[in-house]
Amino acid sequence: MQADLARIATADFAHVDVMDNHFVPNLTFGPQMVERIQATSPIPLDVHLMITDPERWAPGYAEIGAASVTFHLEASSDPVALARRLRDIGSRAGVAVKPATPVESLYDVLDEFDQILVMTVEPGFGGQGFMPETMPKLRALADEARRRGSRVWLQVDGGISDRTIEIAADAGADTFVAGSAVYGADDIEAAVTRLRDLARAASLEP
């Protein structure tokens with residue numbers, strides 16, 4: 001894992017998926033492994049918690065030193081309070097939504113979060129196809145953030161590739177999680193650069 005982290009040293013963050021085999025039908029790892037990743041990663045960690053009871057577990061990931069901790073809106077009993085707790089510890093606070101979850105409830109509390117993750121696949125497994133039907137929700141969030149003058153980051157995760165990153169950037173995303181498109185490339189550093197350039201170009205288009 002340390003070698004694979006070194007291969008993405010030119011990325012902005014290492015996105016770490018934590019799954020509990022309860023909120024999503026897959027199991028990855030927990031705080032001990034993330035702490036080890038934190039100790040060896042050349043870039044900051046962006047931890048994505050696909051777990052139940054984030055109020056109990058999310059603060060621990062911030063305490064480990066993760067730069068960003070994102071929990072799911074669907075799993076949280078009080079997302080604003082949890083976001084404030086994460087910020088108090090020193091982490092950026094993110095909230096994620098599944099493809100079918102409405103986002104209107106977040107409009108009045110945009111500034112309580114540092115980023116909102118719009119899942120562009122069903123959470124739980126890598127290698128899925130990008131869901132274009134999530135783009136209207138992303139665009140609505142982006143429009144609302146602009147209207148309110150919010151600086152919240154809008155992140156997308158799932159099926160991000162050379163083909164889809166431009167679609168997501170055009171809809172308002174500014175932060176992109178890419179797995180297969182990076183680690184499946186012959187030249188990982190070139191893949192990171194290409195994706196970044198494609199997103200930047202799409203976001204600048206009128």
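Asparagine 21 sits in the loop between β1 and α2 (31-40); helices here are DSSP runs of H or I with at least four residues, strands are runs of E with at least two, and both are numbered from the N terminus. The phi of asparagine 21 is positive, about 60 degrees, although the residue is not a glycine. Its relative accessibility is 49%, so asparagine 21 counts as partly exposed. The classes are buried under 20% relative accessible area, exposed over 50%, and partly exposed in between, with a 1.4 Å probe and protein chains only.

Before I go on, this is a predicted model, in which local features need pLDDT of at least 70, side-chain atom pairs count only at pLDDT 80 or more, and totals for chains, interfaces and linings use all residues. Residues are numbered from 1 along each chain as its sequence is written, and side-chain values use heavy atoms, with hydrogens and water left out.

Aspartate 53 is another residue other than glycine with a positive phi, near 55 degrees. Aspartate 53 belongs to the loop between β2 (45-50) and α3, and it is partly exposed because its relative accessibility is 37%.

Next, glutamate 55, which lies in helix α3 (residues 54-64). At 27% relative accessibility, glutamate 55 is also partly exposed. Which backbone nitrogen does the side chain of glutamate 55 reach at 3.2 Å? That of aspartate 78. Not counting residues up to four places away in sequence, glutamate 55 touches Ala75, Ser76, Ser77, Asp78, Pro79 and Leu82, where contact means heavy atoms within 4.5 Å.

Threonine 164 is in the loop between β6 (153-157) and α6. Is threonine 164 buried or exposed? It is buried, because its relative accessible area is 0%. The side chain of threonine 164 has a polar atom 2.7 Å from the backbone oxygen of glycine 159, and it reaches the backbone nitrogen of serine 161 at 2.9 Å. Leaving aside neighbours within four places in sequence, threonine 164 contacts Phe130 and Gly159.

Now the rings. The structure holds 1 aromatic pair. Phenylalanine 13 and tryptophan 153 form this edge-to-face pair, at 6.2 Å centre to centre and 70 degrees between the planes. The pair links distant parts of the chain, 140 residues apart, with phenylalanine 13 in the loop between α1 (2-7) and β1 (14-19) and tryptophan 153 in strand β6. Rings of Phe, Tyr and Trp (its six-membered ring) pair if their centres lie within 6.5 Å; planes under 30 degrees apart are stacked, over 60 edge-to-face, and the rest tilted. Phenylalanine 13 is partly exposed at 26% relative accessibility, and tryptophan 153 is partly exposed at 30%.

Last, the second largest pocket, with a volume of about 200 Å³. A pocket is an open set of points on a 1 Å grid over the protein atoms alone, where a 1.4 Å probe fits, with protein on both sides within 12 Å along at least five of seven lines; lining residues have an atom within 4 Å of a point. Its lining has 14 residues, and Ala142, Arg146, Leu154, Gly172 and Asp174 lie nearest the centre. The largest share, 5 residues, comes from α5.

Key. Grid points are joined across faces, edges and corners, and a volume is the space filled by probe spheres set on the points. A polar contact is a pair of N or O atoms within 3.5 Å; within protein, one must be able to donate a hydrogen and the other to accept it, and residues adjacent in sequence count only if both atoms are side-chain atoms.
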